[in-house]
Amino acid sequence: MAEGMTWSVTDGDKLTQAEVYGEVLSQLGDKYPDIIAITADLASSTKIERFGKKYPERFINVGIAENSMFGMAAGLALAGFKPVVSTFAAFTALRSAEQVRTDICYQNLDVKIIATHAGISFGQAGSTHHCTEDIAVMRSFANMTVIVPADGLETGNAVAAAMEWPGPVYIRVGRGFEPPVNKTKDYGYEIGKAITMREGRDITIIACGVGVLHAVRAAEVLARQGLSARVINMHTIKPIDRDAIIQAVKDTRRIITVEDHNLIGGLGSAVAEVIIETGKACGFRKLGVPDCYSIVGYPEDLYHYYKFDADGIVETVSELMRMEIEEDEDWEDEV
Amino acid sequence: MPLTQEGIKGLTKKAWEIRRAIIETTFTCGGSHLGGSLSQTDVLVALYYKYLRIDAARPQWEDRDRFILSKGHGGIGWATILGDKGFFDKALLKDFNKTGSPFGMHLDSRRVKGCDASTGSLGHGLAIAIGLAVGARLRKKDYRTYCMMGDGELCEGTVWEASILAGHHKLDNLTAFVDRNSLMIDGPTEQITTLEPIDEKFKAFGWETLVIDGHDFAAIGEAIEKAQTIKGKPTIIICKTIKGKGVDIMEGQAQWHYGGLNSDLRDQALACIDKHYREIPG
């Protein structure tokens with residue numbers, strides 16, 4: 001490991017988000033001796049087991065008891081530890097929402113949650129194991145920071161950054177076997193700072209998680225059609241990068257959001273909240289899972305079915321480009 | 001060290017003083033969870049005035065014993081004791097429930113010194129206490145963690161999840177209490193949903209179980225001291241108590257789970273408490 005680097009992985013482009021997470025967490029164990037890794041019978045699925053193998057005395061598997069797990073994490077944080085908790089997103093944001101909110105967020109405790117199998121990324125498992133509500137739930141908890149990394153390398157960056165970030169953090173990853181969008185981990189990742197993956201003038205696609213990959217692919221198709229699409233990786237949903245959104249309204253007047261989440265309450269809603277406050281006209285569409293329980297299937301098929309893969313994005317961009325936007329060039333009066 | 005007769009007398013006096021203060025604060029704050037605050041008082045007084053290793057001047061002292069009031073609605077009783085111990089100026093309690101006050105019905109650990117965890121939603125405290133107890137073990141600290149639950153709270157599944165965990169981890173640095181006053185908001189616990197046999201349930205989950213009279217200081221002291229000696233498992237002390245203890249009109253009455261007091265009721269309640277105080281033997 002080079003000096004100043006906190007983690008490194010080889011073949012990072014071939015690993016899933018969870019695999020990179022497990023590896024990075026295990027590499028952070030010496031730097032952060034207060035990390036206690038906890039899971040609820042999902043050590044291997046969430047990849048937190050890698051930490052447990054390296055530091056068995058700092059690893060706790062509570063069995064299938066998520067509520068106790070999050071309560072226990074709160075107690076450990078009150079005792080001065082830095083608990084890192086992993087289970088599926090559905091069991092975090094839905095089953096244990098109250099423990100996360102009341103025991104952890106209310107007391108503003110230093111608990112880092114890495115929730116896996118989010119959205120419909122575990123498509124074959126059905127809606128009991130999907131979680132298309134967690135961004136909405138988690139961003140409504142005061143004190144909570146919400147991060148949706150685009151790929152494995154960004155997951156590593158987010159986990160490392162979260163260790164230095166005060167208070168509770170929720171990092172949401174998919175089951176994901178998709179190829180990475182980042183070629184290297186060294187692109188200046190910072191919590192709360194959106195990343196422009198591609199510059200563009202005609203429209204802005206703001207995405208998180210697996211949506212970033214689809215957005216980048218869509219932008220390539222659109223470029224061949226003569227359209228210049230900006231792609232923003234909005235990896236931090238809360239606190240959201242307002243400046244990046246306002247700049248996109250100003251520069252392109254058309255915005256599409258892309259996420260593996262219910263269209264209600266997620267990235268799209270968070271972006272819309274900022275857009276509406278600008279008082280400026282802006283064509284806007286949200287792409288993601290409509291307000292329903294997803295059909296079963298392989299994730300890539302589901303992303304296509306619900307039209308938030310590259311094909312769906314291109315289709316929606318074409319529709320939005322036909323829309324007339326009334327522009328108001330005076331920015332000083334409203335923003 | 002076992003309680004002496006003199007020690008028991010001192011705690012008994014203190015408990016009635018605390019109950020008196022609870023009534024006074026309830027009068028000024030508009031209403032409180034009187035029933036459970038009065039039933040839990042003797043156990044809390046034994047802990048705070050005899051057994052807990054705490055220092056009000058150092059509320060964040062790393063080596064302090066921890067206390068979690070999982071039945072968070074007993075907050076007014078707990079805050080009265082914390083104020084009396086000097087964690088904060090007890091005159092502040094005159095603002096209990098008032099807008100912007102640090103004190104609401106369920107205490108906030110971020111605003112109330114001496115409050116080790118924010119509680120209120122039932123079934124949460126035991127898991128938090130387990131985290132603190134596991135934390136002590138990992139840090140090689142000898143502090144103990146105490147957690148008091150309500151009996152109605154035992155309906156919550158999370159209590160049993162956590163109980164399995166505490167048994168599995170053999171947390172002999174954890175002592176839990178059940179304030180077994182046999183009433184929940186809507187009536188007697190056994191009529192609403194059967195909880196007994198509580199001791200056998202915990203025993204089956206790997207706990208040492210003790211059943212005592214939760215208003216008998218000698219028994220409370222003996223149980224707490226015994227729990228300190230039990231190795232290889234957590235201890236639960238099931239304290240048989242009377243909801244509304246000490247105030248005739250409230251004793252054993254589910255409707256006094258929560259209530260307000262006008263000046264007549266306050267005077268009546270204080271008269272009952274003062275009578276108990278005068279009747280302390282010796």
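How many salt bridges does a search of the whole structure find over all chains? The search finds 35, a salt bridge being a side-chain nitrogen of Lys or Arg within 4 Å of a carboxyl oxygen of Asp or Glu. Here are some notes to go with the view above.

1. A word on the model. This is a predicted model, in which local features need pLDDT of at least 70, side-chain atom pairs count only at pLDDT 80 or more, and totals for chains, interfaces and linings use all residues. Residues are numbered from 1 along each chain as its sequence is written, chains are lettered from A and ligands numbered from 1 in the order in which they are written, and side-chain values use heavy atoms, with hydrogens and water left out.

2. The interface as a whole. Chain A brings 26 residues into contact with 23 residues of chain B, where contact means heavy atoms within 4.5 Å. About 2000 Å² is buried between the two chains, with carbon and sulfur atoms giving 57% of that area; buried area is the accessible area (1.4 Å probe) that two parts lose on being put together, summed over both. Of the area that chain A buries against chain B, Met72(A), Tyr106(A) and Gln107(A) supply 26%, more than any other three residues.

3. The rule finds 1 salt bridge between chain A and chain B. Arg139(B) forms a salt bridge with Asp34(A), and their closest N and O atoms are 3.2 Å apart.

4. The chain A side. Helix 4 (66-78) and helix 6 (97-105) of chain A each supply at least two residues of the side that touches chain B; helices here are DSSP runs (H or I, at least four residues), numbered from the N terminus. Helix 4 of chain A gives the largest share, 9 residues.

5. A salt bridge within chain A. The side chains of Arg95(A) and Glu66(A) meet in a salt bridge, at 3.3 Å from N to O. This pair links distant parts of the chain, as Arg95(A) lies in helix 5 (residues 89-95) and Glu66(A) in helix 4, 29 residues apart.

6. A helix pair in chain B. The axes of helix 1 (residues 5-29) and helix 9 (residues 263-278) of chain B come within 10 Å and cross at roughly 175 degrees; axes are lines fitted to C-alpha atoms over the stretch in contact, and angles run from 0 to 180 degrees between N-to-C directions. The two helices are therefore roughly antiparallel to each other, a term for angles over 145 degrees. Among the residues that meet are Trp16(B) and Phe27(B) in helix 1, and Leu270(B) and Tyr277(B) in helix 9.

Note on methods:
Angles under 35 degrees count as roughly parallel, over 145 as roughly antiparallel, 65 to 115 as roughly perpendicular and the rest as oblique.
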